[in-house]
Amino acid sequence: MMSFASSEGKFTNMIKRRISKPVQIGNVMVGGNAPVVVQSMTKTDTRDVPSTINQICELQEYGCELIRIAIPDMEAAQAVSEIKKGVNVPVIADIHFDYRLALATLKNGIDALRLNPGNIGNKAEIKAVVKAAHERGIPIRIGVNTGSMPKNSIASTKTPIVEQMVKIAMNQVHLLESMDFNLIKISLKAFDVPTTVEAYKSIANKTSYPLHIGITESGPPPTGDIRSAVGTGILLSHGIGDTIRVSLTATPHEEVTTAYEILKALNLREYGPTLVSCPTCGRCEVDLVKLALQVAENLRSIHKPIKVAVMGCMVNGPGEAKDADIGIACGKGQGILFCKGKRLRTVSEEDLLTELFTEIEKLI
Ligand code: SF4
C-alpha cells in the first residue's frame with residue numbers, strides 16, 4: 001500500500017504525496033521529501049560533445065535538474081567523460097540493448113542509468129552492469145515503455161497492457177534486488193494517457209521506489225503539452241510522481257517550461273513568474289493578446305516566483321486578479337497599475353508595459 005505525506009511549505013494545495021524511497025542522483029535528491037524533480041533529454045548527437053554540452057547548459061538555464069542523453073554506440077559512451085567535464089547538472093545515460101555501453105558510461109562518470117534490463121541481455125550481462133553501478137553508488141531507472149516491451153517478458157497477448165507493464169517492471173525490480181541493488185527508480189510510459197495513469201497507480205501500490213512520470217511521445221505543442229498535463233496532472237494530484245519529463249516534439253527547453261507549468265498549476269513547485277491574464281470580453285478596449293504576449297516575453301528573464309496580471313478592463317480586472325503581486329488593468333488610452341487588487345496609479349496606455357516592469361523590478 002502507498003504511504004502519503006502532505007505537500008510542504010506555503011503551498012495552499014493539500015496534495016498528499018506518496019512517500020517514496022529517496023535516491024540520490026549526483027547532487028539531486030529524487031523521492032523522499034524532495035520536490036518533484038524536472039527532467040529533460042538532449043536532442044543533440046551525443047557524440048557531438050560541444051553541441052551536447054551547450055544544450056545541457058541551455059536546459060539548466062531553464063531550470064532542468066536532471067538531463068538524460070542518448071547513448072546509441074560506444075563513441076557516445078566515450079563522450080560522457082568530456083560532456084561531464086563541461087556541465088554541472090547530473091547526467092543520465094539512456095541505454096538500450098548493449099550492456100557494454102552501460103559499463104562504459106559508468107566508467108566515464110555518468111550519474112545514473114536509464115535502461116530496460118529486459119532488453120539488455122542475459123543475466124550475467126545485467127549482473128555486470130548492476131555490480132558496476134553498485135560499486136559507484138549510481139542509480140538505475142528501470143524504464144518500461146509500451147513501444148519497447150521485451151517480447152519474451154510478456155505473459156500473454158491477452159493480458160491487459162497495464163498488467164503487462166507492471167509485471168515487467170516488477171520482475172526487473174526483483175531481479176535487481178536479487179543482486180543486492182536498491183538504487184532504483186521506475187518509469188512506465190505509454191502514449192495513451194489512461195493506460196499510463198493506471199500503470200503508475202498500480203505500481204505505486206506495489207513498491208516504494210521513486211517514480212519518474214511522463215506521457216511518452218506526446219507530440220508537438222500544444223497537443224503534447226495538453227496530453228502531458230492531463231496525464232502527469234492526474235498522477236501528481238494523486239500524489240504519484242517524484243520526477244517528471246514532458247516529452248515534446250519541440251526544442252528541449254519547452255519540455256522544461258511545460259513541466260514547471262504543470263507543477264506550478266498544482267502548487268507542487270514554485271519556479272519563475274506566473275502570468276495571469278484574462279480571456280477578454282466585450283468590456284476590453286485594448287489589444288490585450290498583444291500586450292499579454294509582450295509581458296510574457298519580458299518575464300522570461302525573471303526567475304523570481306511572482307504573479308503578474310494583465311487584465312482587459314479597469315472595472316473588473318483588479319478584483320479578478322486580486323491575488324497577483326502586481327498587475328495592469330487596461331482601459332481606453334490608459335490603464336491602472338495594481339498590487340494585490342489595490343490601485344497604485346493610472347498610467348497612459350503606451351507606458352503600461354514600462355511602468356509594469358519598473359514595479360516588477362522594485363518587487364524582485
Ligand atoms: S477583466 Fe474585464 S475585460 Fe477581462 S474578462 Fe474580466 S470583465 Fe472582461
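Author: One definition comes before the rest. Axes are lines fitted to C-alpha atoms, for helices over the stretch in contact, and angles run from 0 to 180 degrees between N-to-C directions. Keep in mind that this is a predicted model.

Reader: At about what angle does helix α12 run to β15?

Author: Helix α12 spans residues 352-363. It lies across four strands, β14, β15, β16 and β17. Its angle to β15 is about 165°.

Reader: Which strands does helix α10 lie across?

Author: Helix α10 covers residues 288-299. It runs at about 160° to β14. The strands it lies across are β13, β14 and β15.

Reader: Which strands stand at the edges of the sheet, and why is one side of each left without a neighbour?

Author: Five strands form an open sheet with mixed pairing, in the order β13-β14-β15-β16-β17. An edge strand has a single partner strand, so one side is left without a neighbour in the sheet. The strands at the edges are β13 (274-277) and β17 (342-348).

Reader: What is the bridge partner of M311 in β15?

Author: Strands of a sheet pair through backbone hydrogen bonds, either parallel or antiparallel. Here β14 (residues 307-311) and β15 (residues 326-330) pair in the parallel sense, over four bridges. The partner of M311 in β15 is A329.

Reader: M311 is also around the ligand. How many residues of the shell are charged?

Author: The residues around the ligand include C278, C281, C284, R283, M311 and E320. By class, the shell has six nonpolar and four polar residues. The charged ones number two.

Reader: Are α7 and α8 roughly parallel or roughly antiparallel?

Author: The axes of α7 (residues 193-204) and α8 (residues 223-237) come within 10 Å and cross at roughly 25°. Angles under 35 degrees count as roughly parallel. So α7 and α8 are roughly parallel.

Reader: Which residues of α8 make the contact with α7?

Author: The crossing of α7 and α8 is right-handed. From α7, the contact uses V193, T196, V197 and Y200. From α8, it uses R227, V230, G231, I234 and L235.

Reader: How are α1 and α2 set to each other?

Author: Helix α1 (residues 49-61) and helix α2 (residues 74-85) pack with their axes 10 Å apart, at an angle of about 50°. V49, T52 and I53 in α1 meet A79, E82 and I83 in α2. Given that angle, the two helices are therefore oblique.

Note on methods. Residues are numbered from 1 along each chain as its sequence is written. This is a predicted model: local features need pLDDT of at least 70, side-chain atom pairs count only at pLDDT 80 or more; totals for chains, interfaces and linings use all residues. A residue is near a molecule or strand if its C-beta atom, placed from the backbone, lies within 6 Å of it. Ala, Val, Leu, Ile, Met, Phe, Trp, Tyr, Cys and Pro count as nonpolar, Asp, Glu, Lys and Arg as charged, and the others, Gly among them, as polar. Angles under 35 degrees count as roughly parallel, over 145 as roughly antiparallel, 65 to 115 as roughly perpendicular and the rest as oblique. A crossing is left-handed if the near helix is turned anticlockwise from the far one by less than a right angle, and right-handed if clockwise. Two residues are in contact if their C-beta atoms, placed from the backbone, lie within 7 Å. Two strands pair if DSSP finds at least two bridges between them.
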